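Okay, thanks for coming, everyone. I'd like to walk you through one interface and then the strands behind it. Let me put the thing up on the screen.

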2 protein chains.
Amino acid sequence: MADNKLAAEKIDEALAALDGWARMEGREAIHKSFRFRDFNAAFGFMAKVALYAEKHDHHPEWFNVYNRVDVTLATHSAHGITMRDIEMAQFMNALI
Amino acid sequence: MADNKLAAEKIDEALAALDGWARMEGREAIHKSFRFRDFNAAFGFMAKVALYAEKHDHHPEWFNVYNRVDVTLATHSAHGITMRDIEMAQFMNALI
């Protein structure tokens, strides 16, 4: 099930194939800092992710300043990292 | 000039008329946490602000998680708060 919390080894296996993503310290979540050419490109990325997020009812935590977008993914309902987070991370990586 | 750093009393005067905005501690910037009905409303707000930001070449720092958008405004080139920040804050407040 996409909503089940993943075991640590499953997360490590998934992260090995996800460029730039890593576990967060002190929290069951994954994180990546994206850099773009400018704000236009950064917000364009965010708009694409926002549509994905609504469609899948799964939303990122993110911070943006100019060309930088720092993303944190976790599944609150599962109190951890699920396939929904891995799939969203894959979607984001495929956009760049 | 919109690009000149504002004096402290000018900032306080502007903030008094800006619902929800306050100075940040330890940094020359202003801050507000916005809450919306849901992610759709939060990201709709962000999209409107993004268009304004590009038009005025002045960009926010912001964090979003689901229906919450935490915004920080400062003018890096002026090392402080300018009319550009006040005007952007006014624009944001007028959206809600």
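Predicted model: local features only at pLDDT ≥ 70, side-chain atom pairs only at ≥ 80, totals over all residues.

So, chain B and chain A bury about 1,400 Å² between them, and 72% of that is on carbon and sulfur atoms. Buried area here is the accessible area, with a 1.4 Å probe, that two parts lose on being put together, summed over both. On the chain B side, the residues that lose the most area to chain A are B:Phe39, B:Phe43 and B:Trp62, together 36% of what that side buries.

Residues are numbered from 1 along each chain as its sequence is written, chains are lettered from A and ligands numbered from 1 in the order in which they are written, and side-chain values use heavy atoms, with hydrogens and water left out.

Back to the contact itself. We have 16 residues of chain B touching 16 residues of chain A, with contact meaning heavy atoms within 4.5 Å. Which parts of chain B supply at least two residues each to that side? Helix 2 (39-56) and strand 3 (61-65) do, and helix 2 gives the most, with eight residues. Helices (H or I, at least four residues) and strands (E, at least two) are DSSP runs, by the way, numbered from the N terminus.

How many salt bridges cross the interface of chain B and chain A? Zero, by the rule, which asks for a side-chain nitrogen of Lys or Arg within 4 Å of a carboxyl oxygen of Asp or Glu.

Now the strands. Strand 3 of chain A and strand 3 of chain B pair antiparallel over five bridges; pairing takes at least two DSSP bridges between two strands. In that pairing, A:Glu61 sits opposite B:Val65.

Within chain B, strand 3 also runs antiparallel to strand 4, joined by five bridges, with B:Glu61 opposite B:Thr72. These two strands make a hairpin with two residues between them, and B:Tyr66 in the turn has a positive phi of about 50°.

Strand 4 of chain B is also joined to strand 2 by six antiparallel bridges, and there B:Ile30 partners B:Leu73.
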